[in-house]
Amino acid sequence: MSILVIAEHDNSSLKPATLNSVTAAQAIGGDIDILVIGSNCQGAAEQAAQVAGISKVLVADNAAYGHQLAENVAPLIAEVGAAYSHVLATATTTAKNILPRAAALMDVQAISEISAVVSADTFKRPIYAGNVIATVQSSDAIKVLTVRGTAFDAAPAEGGSAAIEAVASAHDAGKSEFKGEEVAKSDRPELTAAKIVVSGGRGMGNGDNFSMIYSIADKLGAGVGASRAAVDAGFVPNDMQVGQTGKIVAPDLYVAVGISGAIQHLAGMKDSKVIVAINKDEEAPIFSVADYGLVADLFTALPELDSAL
Amino acid sequence: MKVLVAVKRVVDYNVKVRPKSDGSDVDLANVKMSINPFCEIAVEEAVRLAEKGIATEVIAVSVGPKQCQEQLRTALALGADRAILVETDESLEPLAIAKCLKAVCDAESPDLILMGKQAIDGDNNQTGQMLSALLDCSQATFASELSLDDGKAVVIREVDGGLQTLELSLPAIVTSDLRLNEPRYASLPNIMKAKRKPLDVKTPDELGVSIAPRVTLLGVELPAERQAGIKVEDVAMLVDKLKNEAKVIS
């Protein structure tokens, strides 16, 4: 078995999400290589070479790959991936955009967001918003998989010393162009990597009241999330949404404030180790998954919690 | 410009599905079926393009059993001009659906293809990207804003870090995220009118497409149930529990 892990990175550094796929690759078993596709991405490649248990790092460094445009990157993955038994990437929006395109070019039926490895060709994955877990077996010669990051621990980022090899092949389809991005600037940890996440829901009432959440999050070193209801109401931007159609998180501690606990939201956080719910409605479904429930008005409970920390 | 919009028939989003008693698959007997919510958003976007005079024709396409005609009629009631069903009773994977859609696109030559980012049954999030690969055209997934200008599509995408803007040459595939728009409700007169709009039926065989499955479903199970814990009386007790019992804060 030979496994290719597609690196998630920002050219200068490797993103921790990559490490979850490395662990999934180890569960499959075999030689593991990492493919770094980017522009001026030597920094990311050097970090990938440090990851424990990697045989080699392949680097495709070309201006056309700088913004991870699917039309340019997918043909490269299809080309390099043809020599492997498995191609994996952690299911970020980048990988979800690119990997199915690469799979189609390889005439492979990709398998999305695996949550467990049963054997080299059999995997578990959540369907129906996580209400059901399916076990599926692939008959394709090459398995193309995205990996649900929260289902696999991160592999050690250091301890390895893999060789770095350049991949010369360049693909520039010229079909799409990157025009810009609005990236949320925050000193708080990224939601999917945070050890603690504090999320607010519709019960917060408005965007200004999220300052209570930010204050508590900063004392805990936590990331801040929100329910779909809070995002749809315009309290906070969409990249904070936790849930089936937002981000899937599984921190050590998840604090849900003023969130009723719609299935959509539970699908995004129910694998957290410890869940706290603060809600004034004691019938709220969020309490059925909470380890610690506090039935209280959040406008009195949050200031109290803030001063107790 | 010609716009093709793909729609999938799925379990209604309000239904909580359960495994069959033998665990072979989910139990879909007698459950309500609907148009996939993300596909509905794609249909709405196509209809808005028609209302702005940008789209000259909106074609709704579905791949699946005969009953998908219901969802195509819904798309027609929302404003699509005509519909095509690629009819098969076989279970379909994203790659097979993309191949059927490619054959339809080859015949229809749309300038823009709108789809949902994923279907809420299989949660695969693959078909749009796969169709784009097969057509060798541009793609923008997770779209929250779409504008067309001067033969290009400008799309704002919802990505992990925030928002990204891409400019695509046509033909292009755009898959909708939740915030692209809020779909309208079909009015009764439009529902009646939709019954007379053309709906063509083809088969994968007629399109020359192989839909043989690559992935076997071995079984389904419920996820591990999370047990409800305890109710704490006040904030002090909560902090104490988190520090001393769960040991998740210090």
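The model is predicted.

**Stop 1: chain B.** Select chain B by itself. Along its principal axes, the C-alpha trace spans about 65 × 45 × 40 Å. Colour by secondary structure to pick out seven helices and 13 strands in chain B. Of the chain's 250 residues, 48% count as buried. Take the contacts with a separation of 6 or more: residues 24 or more positions apart account for 69% of them.

**Stop 2: the interface.** Bring chain A back. Here 64 residues of chain A are in contact with 63 residues of chain B. Colour the chain A side by residue class: 32 nonpolar, 18 polar and 14 charged.

Stop 3: Which strands form the open sheet, and in what order? Select 6(A)-7(A)-8(A)-12(B), four strands with antiparallel pairing. Strand 6 (116-119) of chain A and strand 12 of chain B are the edge strands, each pairing on one side only. From one strand to the next, the twist averages 30 degrees.

Stop 4: Zoom in on strand 6 and strand 7 (residues 122-127), both of chain A. Three bridges join them in the antiparallel sense.

**Stop 5: the crossing between chains.** Move to strand 8 (residues 132-138) of chain A and strand 12 (residues 215-221) of chain B. This antiparallel pair runs over six bridges.

Definitions and conventions: Residues numbered from 1 in each chain as written. Chains lettered and ligands numbered in written order. Predicted model: local features only at pLDDT ≥ 70, side-chain atom pairs only at ≥ 80, totals over all residues. Contact = placed C-beta atoms within 7 Å. Nonpolar A, V, L, I, M, F, W, Y, C, P; charged D, E, K, R; others polar. Pairing = 2+ DSSP bridges. Helix = DSSP H or I, 4+ residues; strand = E, 2+ residues; numbered from the N terminus. Axes fitted to C-alpha atoms, helices over the stretch in contact; angles between N-to-C directions. Buried ≥ 20, exposed ≤ 12 C-beta atoms within 10 Å, placed from the backbone.
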